[in-house]
Amino acid sequence: MKRHLPIIILIAALLAGLAAPLATGASAPGFFVEVLLGGLMAGVLYSLVALGFVLIFKASGVFNFAQGAMVLFAALSVARMAEVMPLWVAALLGVGIMVLLAIVVERVVLRPLVNQEGVVLLMATLGVSYFLDGFGQSVWGSDIYEINLGLSKAPVLILRNVFQGGILINKDDVAAAVVAVLLVVALALFFQKTATGRALRAVADDHQAAQSVGIPLNRIWVIVWSVAGVVAVVAGMMWGSKLGVQFSISQVALKALPVVILGGFTSIPGAIIGGLIIGVGEKMAEVFLGPVMVRTFDLAGGGIENWFAYVLALLFLLVRPEGLFGERIIDRV
Amino acid sequence: MNLAAKTRFLAASVGTVAAVISITASVPAFAQAKEQFFPELVYRTGPYAPNGVPFANGYSDYLKLLDARDGGINGVKITFEECETGYSTARGVECYERMKNKGPTGATVVQPLSTGITFALTPKAPRDKIPLITAGYGRADSVDGSVFTWNFPLGGTYWDAADILVQHVGKKEGGLAKLKGKKIALVYHDSPYGKEPIPLLEKRSKMLGFDLLLLPVTHPGVEQSATWLQIRQQRPDYVFLWGWGVMNSTAIKQAVATGYPLNRMYGVWWSGAEPDVRPAGEDAKAYNALVFLAPAGRGKVHEDILKYVYDKGNGSGKREDVGEVLYNRGMVSAMMAVEGVKRAQKKYGRKPLTGTQVRWGLEHLSINAADIKKLGFEDFMEPIHTSCADHEGAHSARIETWDGKNWHVTSGVYHSDLSVIRPIIKASAAKYAAENKITPRDCSKEK
Amino acid sequence: MFYRENGQFKQTYRQDEALLPIAQDRIVMLALLVFAFVGVPFLASNYLFLSILNPFLIMALAAIGLNLLVGYCGQISIGHAAFMSVGAYAAYNLMLRVPNLSFLVALVLAGLIAALVGMLFGIPSLRIKGLYLTVATLAAQFFIDWMFARVKWFTGYQSSGSVSTPVLDLFGWQLDSPVKKYLFLLAVVTVFTLLARNLVRGHVGRAWMAIRDMDVAAEVIGIRPVYAKLTAFAVSSFYVGVAGALWGFVYLGSWEPLAFNINMSLDLLFMIIIGGMGSILGSYFGALFIVALPIVLDRVPAWVGAPLSTAMASHLASMIFGTLIVFFLIVEPHGLARLWAIGKEKLRLWPFPH
């Protein structure tokens, strides 16, 4: 119990912070729910990026900073191909491209760098992301492209009789949430029920033991990077349908880091829940805490969402380095 | 890799590095050709490429047109070279250093198309004697030519833009006095560019009694959900958008998704081009933006460009994109630089001119309605007359509206209220002069 | 044949402890320094100074700073650009608010302020390590970026948030030409390199390396991890803070918070990994590589006369940059400094390798 005390205090403080705008009347209940939903939607995207991150980290111990570039590359590929073919064909081809990319990355980058230090691998994935950045733009162009899922962009007001003014939601947001849930279920089934999934889990637990019972490490890596690529296609399509696709190196990949710290480096549910917490926390902080800070300290505008996630993760690290769902780390000074 | 291979590799690396350094170090010798060199700082990649590409195409095409149609500027051939900045200040400065001494007389004039790069180049330009044209961007206080001798914010500054937007929404409300108690939100790119209009808007809000809500958006601007949640909560009467690149289209899409009425949303002139609204398409209908130089459309000069440049296969972009908002703005920007050279040629002769001479030309620029017509830019711009005290030359803009397919100019010409802007320009320029130990010129003695 | 140490006997402890024990090394180093101080100013063009040599020197200093932390003490940081910005803004505010302050004094004070901030963000390293620490330093990066963009006091209430500096005056010596800037930077960087070189072979440096190699064992032999890690953060941030102030005042002259963003932190990491972790010399190699490569790549199409569009050239440069980084990491994960050491080893035996 004593070990858990700091984390309990931290979570209680978070919840209290969450409820504060409602309790103090700083926000109408309807708007509060909207911010919550907005945060969850942002969180879904973080979760998906973090998911790819965790998958790769589990299986190969690589901090994949190229995950953000992969998301945008996938989205760009799908968007451009969808201009000349039906969207579902483009999406399937997009998956194919990402699998191809996984094979190339494994063969060209990972295999020669096996057993290197973590930071070297991390920098190598940054190299990959520079490459993807240039490659994606030279093949697909640097304009803004659209992925049209055929959903109306106009917002819908719901629950008008519960909250004053109703709650604004968007169809593509709902669709994105549904897709994310389906994806997580599919991944869970894949990991629990298939032989490949079991092999993946074995590799994640212990590389050498897995290898000694005859699990081919290299093939596992390809599979893991491919799965991360598929996740990237889904995340990219959701992102693209909402905001349009343009090849900008976004900081989405870096955001995955606090998410996995929160959820635990090795936990898939942790990535999802961590993403949602970060998403909600960030938006809540920006919308409710931001204006207060601007007024108090006479700041030139808010924007605290830029660092909120990292500082939150830092606090988490200090009280519980293994994250919410991660395995306990003994290795500590 | 074994030791021997590594050694070979090492030797090869050393050789390469040495070769590279020697190439970089060698300064190419230029023959004294009858050429005027125009460096171009462009961005055709990255998050700002959707807006950077058409501008760069317009700029290059106009220079190509002059060479193809007129054989340059009064017989002096135009040469130009592009350098990719990626909208990054550090790379922009490197491009500037790389190109400033090219051509027989060095860089004629630099147009960085980035407020951040403008800030970085402002102290360098006087030392290198190269004028900076920042048409519609850059430092608003550089209108004051007595302090900012080398800066030329031709045709408009952000303080004009902000003032004109306030005037327009005031007119919509039925008089500036009616703005009292209203709420205006500024959604801005969190950089010197986006922050530039804030002092003017703050002053206006004090004068007229409206509330100003400042909402910064972090580079590159794809993450705006919290911004729009705040707009939904605060329900401002108007939203001013000060965005660039992918931030613009994101903002418009978010506005649609939040249900904010687009006819109450006004972009600055950098947030009102085709790439900004096209991703939202029909949904972006009724969105408005400022236009200062060159709205969308084709005029006489475009016919020439199609005939002399595109028909010969020399076009920089796609034929159908000729006449877009930013393409036209690139063209007009190039045109003003060329007119500065022409003006200077009248004084210094028809030969390649130095930066100092072109600076004089830009300070005595006088493009009246007849000139505009002669150049083929009728209806695309207002006359511009610069002087030492006024490096801007024109202080007007119009409003354009997106109808789902095209941009249309939907208002008359507004002139910014100089009685409001002048004092802030003076104060800001004086502060800059004091901090950087500049003695202002006496404009009454300049001819 | 020419590079060998037999015949050079160390007869006193002083000789044994010399910075460069081999005579040839001393000669080469001296020649290099003379060349850098006397030769280069006559040979290089202004462009070379402004765009390559000056940024290279400042970045080398920053890379040394980061290397002290990452390479010597084993604490990874992706937030060092933030400490650079602390140095830059500290120097800016000192110069703005303290009348008649010499830039050299401001430089040192700025470094000290950066060291304090660095220590503050180094505190989590007492509890977490390895890649986990990246999150703490990322928090520093984003928080400090935000702070300088938002708190108006730091930027002297400039409405644009961009600050500019006047021409520097060092005891009457105007730092107004590229060559003068180069000489000033070279002097500063030389002094700090010597300091760093001596620091890492003294007891402080040894304590850092012990912590890096095995923290538990280091603790057992009596090294205090708290002390070692915090000094590493402090010294490293000091170096980086000084580099940041130089970057702002001498190289940029006018900057905005974006000038010290996360990409710069990543570039610094690239420098020390490609140059060689735990090597002062490597920091120079890495800085040269990262500063010059993008510029060189950008210009290659023009030299060879390839008719590439600006956009295509830029995309290609990005691709080649990424590829080269992966290539270098694969070929020599210990960096260019290791290649250098191998080269020297070979030279000792040449031309009779057996």
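This is a predicted model: local features need pLDDT of at least 70, side-chain atom pairs count only at pLDDT 80 or more; totals for chains, interfaces and linings use all residues.
**Exercise 1.** Find where B:Ile399 sits in chain B and which residues it touches, leaving aside its neighbours within four places in sequence.

*Solution.* First, the element: B:Ile399 belongs to strand 12 of chain B, residues 396-402. Then go through the contacts: with those neighbours left aside, B:Ile399 meets B:His168, B:Asn288, B:Leu290, B:Thr410 and B:Ser411. For a distance check, take B:Ile73, 326 residues away along the chain; its C-alpha atom and that of B:Ile399 are 33 Å apart.

**Exercise 2.** Decide how the radius of gyration of chain B agrees with that of a compact globule.

*Solution.* Chain B has 447 residues, so a compact globule would come out near 22 Å. The value for chain B is 23 Å, which agrees. Among contacts with a separation of 6 or more, 71% join residues 24 or more positions apart.

**Exercise 3.** Describe the side of chain C that touches chain A.

*Solution.* Count first: 41 residues come from chain C and 41 from chain A. Next, the elements of chain C: helix 6 (132-150), helix 11 (262-275) and helix 13 (310-331) each supply at least two residues. Helix 13 gives the largest share, 13 residues. Finally, sort that side of chain C by type: 29 nonpolar, seven polar and five charged.

Terms used: Residues are numbered from 1 along each chain as its sequence is written. Chains are lettered from A and ligands numbered from 1 in the order in which they are written. Two residues are in contact if their C-beta atoms, placed from the backbone, lie within 7 Å. Ala, Val, Leu, Ile, Met, Phe, Trp, Tyr, Cys and Pro count as nonpolar, Asp, Glu, Lys and Arg as charged, and the others, Gly among them, as polar. The radius of gyration is taken over C-alpha atoms; the globule rule is 2.2 Å times the number of residues to the power 0.38.
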